[in-house]
Amino acid sequence: MDIDTLHADLRKRLDILGFNHPLPLGAIGIVSAILSDLIKTSEKLKSSKQQIEQLMQEKVAWELGVEPYKCDNSRLLSEVNGLHLELVKQRDKFVLANTELKCRVRVLQTDKKQLDERCLQAEAKIRELLHSADSKSRKNGVNMQRKPFVSTVRAGYYQPPKCCDAQAQDSKCHCPCNQPRKTDVLHEIERLQAETKNQEEVIDAYKKQVSVDLI
């Protein structure tokens, strides 16, 4: 292709693109190269725009497809949060119920211990009464063999020992009549100690529950 034909073809292409400036013959080479680069760049830009548009359409399609999963995810997240709160409440109820049951068991153990002690005291009293009744029966049998006699001694008023007097009793008295009172005092002390420990455990359980609620 001669230079005139190349110039005419290049001039025509420039006119189509809107470049109406004069085209010297010496600038044909560089103008042709620049024009070729411009055309390639324009084609690549057009292709890139088409790809971007296609990707945007695919993105919209994917978003529409993912939308139901987003709804399911929100619903599942809400259910999980609700189950977690319910689990925390159930755990708090279990801790309180367990604490109350422990307190109840401790009270029952204290009552059982007191009842066992009273049973032992009652058994000892029964044995003492049986022994006393046996002794009296044998004594009466011996007295029946003896001659009766009339006592000239007037029946006097029985004076209990001083240690049995309510005003003379103290904590150091070892008289048997004072033992039940000491036993009752010890039982009351044990009951108060058990009740105090139960209340402390209940307070600790409530403190833990309040701490979890604040978190």
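Author: From the N terminus on, the elements of the protein run α-α-α, with 3 helices and 0 strands in the protein; helices (H or I, at least four residues) and strands (E, at least two) are DSSP runs, numbered from the N terminus. This is a predicted model, in which local features need pLDDT of at least 70 and side-chain atom pairs count only at pLDDT 80 or more, while totals for chains, interfaces and linings use all residues. Residues are numbered from 1 along each chain as its sequence is written, and side-chain values use heavy atoms, with hydrogens and water left out.

Reader: What pLDDT does the protein average?

Author: The average for the protein is a pLDDT of 76, and 74% of the residues score at least 70; pLDDT is the predictor's confidence in each residue, from 0 to 100.

Reader: And where is confidence highest, and where is it lowest?

Author: Confidence is highest in helix H2 (residues 28–145), at a mean of 85, and lowest in helix H3 (residues 179–214), at 69. Where pLDDT is low, the predicted coordinates should not be read in detail.

Reader: OK, switching topic: where does UniProt place the coiled-coil region?

Author: The unreviewed UniProt entry places the feature "coiled-coil region" at residues 98–132 and 182–209; such annotations may be inferred rather than shown by experiment, and the positions are given in the numbering used here, with feature names shortened. In the model, residues 98–132 are 100% helix and 0% strand, and their end C-alpha atoms lie 50 Å apart.

Reader: Is Thr-99 buried or exposed?

Author: Thr-99 is buried because its relative accessible area is 10%, and the cut-offs are under 20% for buried, over 50% for exposed and in between for partly exposed (1.4 Å probe, protein chains only). Thr-99 has its place in helix H2 and, leaving aside neighbours within four places in sequence, is in contact with Glu-201, Val-202 and Ala-205.

Reader: And what is Thr-110 in contact with?

Author: Beyond its neighbours within four places in sequence, Thr-110 is in contact with Glu-190, Arg-191 and Ala-194. Thr-110 also lies in helix H2 and counts as buried, at 13% relative accessibility.

Reader: How far is Lys-197 from Cys-103 in space?

Author: Lys-197 and Cys-103 are 8.0 Å apart, C-alpha to C-alpha, although they are 94 residues apart in sequence. Lys-197 is in helix H3 and counts as partly exposed, at 43% relative accessibility.

Reader: How much of the whole protein is buried?

Author: Buried residues make up 11% of the 215 residues.

Conventions: Contact means heavy atoms within 4.5 Å.
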